[in-house]
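Subject: Structure handover

Hello,

Here is the structure for you to look over. Please open it alongside this note.

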Amino acid sequence: MPTSILAKYSDPGPPWYTIYPTALQFSAAVGAEAYEHWLRELPAKDPISLYIHIPFCRSICWYCGCPTNIARLDAPILHYLSVLRDEIGLVSEQTRQALPVSDVHFGGGSPNLIEPAEFLGLMELLRRRFAFVKTAAVAVEIDPRTFTLGMAEALGATGVNRASIGIQSFDPLVQKAINRVQSEGQTATAVENLRRNGVSRVNFDLIYGLPHQTVKSCVETATAAVAMRPNQLAVFGYSHIPSAIKNQRSIEKIALPDNAARAEQAAAVAETLVAAGYREIGLDHFALPEDELTLAQEAGRLRRNSLGYSADTCKTLIGLGASAIGRVGEGYVQNEVALESYSRHISAGRLATSKGHRLTDQDRVRATVIERLMCDLQADVAAICAAHGLDPVPFLDAVERLAMLAEDGIVDVEDGFIRVRHDYRFVIRAVAAAFDAYLDRSP
């Protein structure tokens with residue numbers, strides 16, 4: 001990919017478009033009252049997804065932008081779990097009956113900091129308050145540095161069938177620079193304990209563009225990762241925004257690779273994973289040929305949600321815990337981010353919704369176009385517009401950046417059909433951004 005294209009489209013970079021509109025558009029105009037109404041209107045038989053946020057880690061990773069808190073003792077975690085159980089009760093009481101659940105994801109932070117007995121109790125409560133389908137997918141994010149055999153046994157006992165393990169890099173120099181020292185041995189042990197306890201599907205997270213990273217170290221990490229044969233790998237590009245993420249201020253900017261080096265790293269990792277038998281999924285995921293993501297992509301039903309690429313087709317996502325984002329029929333909602341505010345609302349017997357966004361008809365059209373671009377690297381904009389009763393001609397004419405993208409050779413546009421050329425998949429977010437009506441395009 002030409003360096004000039006990278007400079008033009010990759011810095012500072014558009015949103016990741018896991019949802020549209022992005023959380024930057026959420027406002028207090030949508031609060032607990034609207035969320036209660038939306039919950040009551042949910043169809044009783046439509047499967048839903050659950051996201052449970054556990055915002056605690058033992059130490060801070062300097063690259064991380066997730067909402068989390070340092071808990072060196074268990075007392076704050078136990079208090080949070082007590083509040084979380086109350087929220088589960090409050091939310092489930094808003095619906096007409098126990099909603100069927102087909103997909104559950106525990107994110108963080110480090111969910112495996114929960115004691116095994118506490119996790120068993122939490123899962124039992126969720127199954128009591130919601131109607132889990134027999135084939136429900138239950139996933140948990142894992143930090144191998146704090147993952148115990150007891151927790152692996154608890155995951156298996158409660159029906160967890162997928163785990164996502166953060167690796168980022170196995171290079172000791174990089175690990176020291178991001179304050180996350182994690183050996184290959186720790187990771188391999190975690191994988192072994194998961195699989196022995198029936199958690200058969202394992203995902204890895206890798207990052208390129210970190211301080212002191214090189215193409216060589218990225219390839220070495222990818223090679224070590226595929227030797228453990230995970231089902232999926234997510235390969236993210238590090239976004240350095242210390243003005244918004246305070247812990248990133250501990251990372252030396254001078255040690256970060258430039259855009260050209262980042263592109264080389266991304267391409268080298270992709271080449272390594274494809275050579276090892278993995279299929280490219282959208283922008284930054286890779287999966288084995290028989291994995292659900294690969295099958296979803298082949299069937300044209302790959303989705304993009306707040307967790308990244310997914311085979312989950314549920315229209316409703318209920319977010320539980322501090323900062324958790326939910327998606328219901330009319331729009332998005334987000335809980336209070338600060339633990340104190342979140343706890344105060346729930347303890348007072350009210351939902352902790354702090355902000356959200358009510359979707360417009362234009363939002364829905366743009367969200368569909370952006371999702372198809374991010375998932376398939378192509379979108380039939382004319383068909384999408386027609387399905388929403390919208391004339392595609394003025395819609396496409398209003399996308400000012402589309403002609404520039406075509407002129408730069410990034411996309412081909414014909415009769416309302418947009419296709420991103422494969423060599424430019426790493427700037428797919430820039431193509432999606434062309435359809436973002438909220439993005440500030442000021443100089």
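Below is what came out of it, by topic.

One caveat before the details: this is a predicted model.

Helix packing

Start with helix α3 (residues 75-94) and helix α4 (residues 116-129). Their axes come within 10 Å and cross at roughly 5 degrees. Angles under 35 degrees count as roughly parallel, and α3 and α4 are therefore roughly parallel to each other.

Which residues make the contact? From α3 come L78, L81, L84, R85, I88, G89, S92 and E93. They meet E118, L122, L125, L126 and R129 of α4. By class, the contact of α3 with α4 has seven nonpolar residues, four charged and two polar.

Aromatic pairs

How many aromatic pairs does the structure hold? There are six. Two of them are described here.

Y80 and Y342 form a tilted pair. The ring centres are 5.7 Å apart, with 35 degrees between the planes. Y80 sits in helix α3, and Y342 in helix α11 (residues 339-347). Are Y80 and Y342 buried or exposed? Both are buried. Y80 and Y342 also belong to one aromatic cluster with F56.

The other pair is F106 with F119. Its ring centres lie 5.0 Å apart and its planes are at 55 degrees, so this pair is tilted. F106 is in strand β4 (residues 100-108), while F119 is in helix α4. The two are 13 residues apart, and the pair links distant parts of the chain. F106 has a relative accessible area of 0% and is buried. F119 is buried as well, at 0% relative accessibility. The cut-off for buried is under 20%.

Keep both in view when you look at the helix contact.

A loop residue

Last, T214. Where is T214 found? In the loop between β7 (201-208) and α8 (215-227). T214 has 39% relative accessibility, so it counts as partly exposed. A polar atom of the T214 side chain lies 3.0 Å from the backbone nitrogen of S217. T214 and D171 are 43 residues apart along the chain. Their C-alpha atoms are separated by 9.7 Å.

Best wishes

Methods: Residues are numbered from 1 along each chain as its sequence is written. This is a predicted model: local features need pLDDT of at least 70, side-chain atom pairs count only at pLDDT 80 or more; totals for chains, interfaces and linings use all residues. Side-chain values use heavy atoms; hydrogens and water are left out. Axes are lines fitted to C-alpha atoms, for helices over the stretch in contact, and angles run from 0 to 180 degrees between N-to-C directions. Helices (H or I, at least four residues) and strands (E, at least two) are DSSP runs, numbered from the N terminus. Angles under 35 degrees count as roughly parallel, over 145 as roughly antiparallel, 65 to 115 as roughly perpendicular and the rest as oblique. Contact means heavy atoms within 4.5 Å. Ala, Val, Leu, Ile, Met, Phe, Trp, Tyr, Cys and Pro count as nonpolar, Asp, Glu, Lys and Arg as charged, and the others, Gly among them, as polar. Buried means under 20% relative accessible area, exposed over 50%, partly exposed in between (1.4 Å probe, protein chains only). A polar contact is a pair of N or O atoms within 3.5 Å; within protein, one must be able to donate a hydrogen and the other to accept it, and residues adjacent in sequence count only if both atoms are side-chain atoms. Rings of Phe, Tyr and Trp (its six-membered ring) pair if their centres lie within 6.5 Å; planes under 30 degrees apart count as stacked, over 60 as edge-to-face and the rest as tilted.
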